[in-house]
Amino acid sequence: MQILQAILSGLAMGSVYALVAFGFSITYTTTKTFNFGQGAFLALASLIGISAILLVTQGKLIGFPSPEDVTWGTFLFALLAAMLVLSLLGFVLYVTAIKHFVGEAGLSWVMSTIGFGIIIQNLALLIWGPAPIAVASPLGEGIITIFGTGVRPQEILVFCTTLVLMIVFDWALHKTKMGKAVRAVAFSKSTASLMGINANAVAIAVFVISSALAAIAGVMIAPIATASVFVGTLLSLKAFSAAILGGLENPRGCIFGGFLIGLLESLIGLWYSNLREIAVFGLIIVVLYFRPAGILGRVHAEKV
């Protein structure tokens with residue numbers, strides 16, 4: 001039963017990695033850049049969610065919400081507030097820290113996005129402080145029994161939400177006009193421009209979507225991992241690792257990589273918790289030695 005519990009918990013954490021990794025993928029394929037400050041975005045989203053709940057229930061922005069404050073209504077409001085703020089922030093990030101470096105040689109955009117993330121993190125530290133803030137799940141804090149194994153309702157919510165979002169985005173990428181525009185820009189920006197596609201608008205859109213996905217991940221993970229200024233650092237690092245492991249240029253591969261890392265660290269932690277990170281990142285090094293493009297990266301490259 002412990003193994004089943006580890007699998008369920010791993011799927012929940014893997015869902016968060018998959019959301020953020022998908023954001024890395026769509027920004028990289030269209031602009032060959034991504035946000036190295038995504039961890040700060042994720043952490044900010046969790047804190048904005050806390051403030052949104054407090055604003056509705058207690059009329060203030062800073063504090064500690066009680067379990068009674070977290071209902072479906074307040075939680076959805078927190079989610080929408082975080083998505084709105086982070087989407088706007090994604091637009092600002094692209095315009096100020098990335099746009100000027102797209103298509104240019106060098107890695108100036110790396111330092112630019114890291115610097116943007118550090119600014120966001122320190123501003124959040126000034127506003128909310130360093131202490132972690134616990135928040136309840138809208139589903140309550142009880143335990144649901146599945147095949148004799150206890151699992152938190154929030155973990156089920158995170159997994160189901162991610163599954164639905166990934167199915168929708170995968171459909172959108174392959175079946176909608178916007179999705180086809182994203183894929184066209186990813187294939188060749190110059191060719192897409194000749195076809196009348198506004199490559200700059202597509203780039204803005206994918207950074208807004210990537211930031212909104214970080215917002216969803218941040219709010220969803222808060223009842224599991226608490227909300228704090230520093231909660232996003234390791235989560236975003238593992239999400240980036242998931243993207244590299246699955247294949248950075250393959251959105252489906254990034255989703256696969258997210259779930260794979262979540263399951264591996266949960267199962268390994270069941271017996272050797274101190275070796276969890278060593279084993280996961282060691283596996284990534286081994287896989288990339290034999291598959292530099294990631295597990296599913298080469299397949300995607302051939303199809304494109």
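Predicted model: local features only at pLDDT ≥ 70, side-chain atom pairs only at ≥ 80, totals over all residues.
Me: Is C254 buried or exposed, then?
Reply: C254 is buried, because its relative accessibility is 0%, which falls under the 20% limit.

Me: How many disulfides does the structure hold?
Reply: The structure holds zero disulfides.

Me: Changing topic: how many residues are in the largest nonpolar core?
Reply: That core has 88 residues. F41, L44 and L86 have the most contacts inside it.

Me: Which helix gives the largest share of this core?
Reply: Helix α8, spanning residues 199–225, contributes 16 residues, the largest share.

Me: What is L86 in contact with, leaving aside its neighbours within four places in sequence?
Reply: With those neighbours set aside, L86 touches F41, L44, A45, I48, S211 and A215.

Me: Now the helices. At what angle do α2 and α9 pack?
Reply: Helix α2 (residues 38–58) and helix α9 (residues 232–246) pack at about 130 degrees, and their axes are 8 Å apart. The two are therefore oblique to each other.

Me: Is the crossing left-handed or right-handed?
Reply: The crossing of α2 past α9 is right-handed.

Me: Which residues meet there?
Reply: From α2, Q38, G39, L42 and A43 meet G232, T233, L235 and S236 of α9.

Notes:
Residues numbered from 1 in each chain as written. Heavy atoms only, no water. Core = buried A, V, L, I, M, F, W, Y, C linked by side-chain atoms within 4.5 Å. Buried < 20%, exposed > 50% of the residue type's maximum accessible area, 1.4 Å probe, protein only. Helix = DSSP H or I, 4+ residues; strand = E, 2+ residues; numbered from the N terminus. Contact = heavy atoms within 4.5 Å. Disulfide = S-S within 2.5 Å. Axes fitted to C-alpha atoms, helices over the stretch in contact; angles between N-to-C directions. Parallel < 35°, antiparallel > 145°, perpendicular 65-115°, else oblique. Left-handed = near helix turned anticlockwise from the far one by under 90°.
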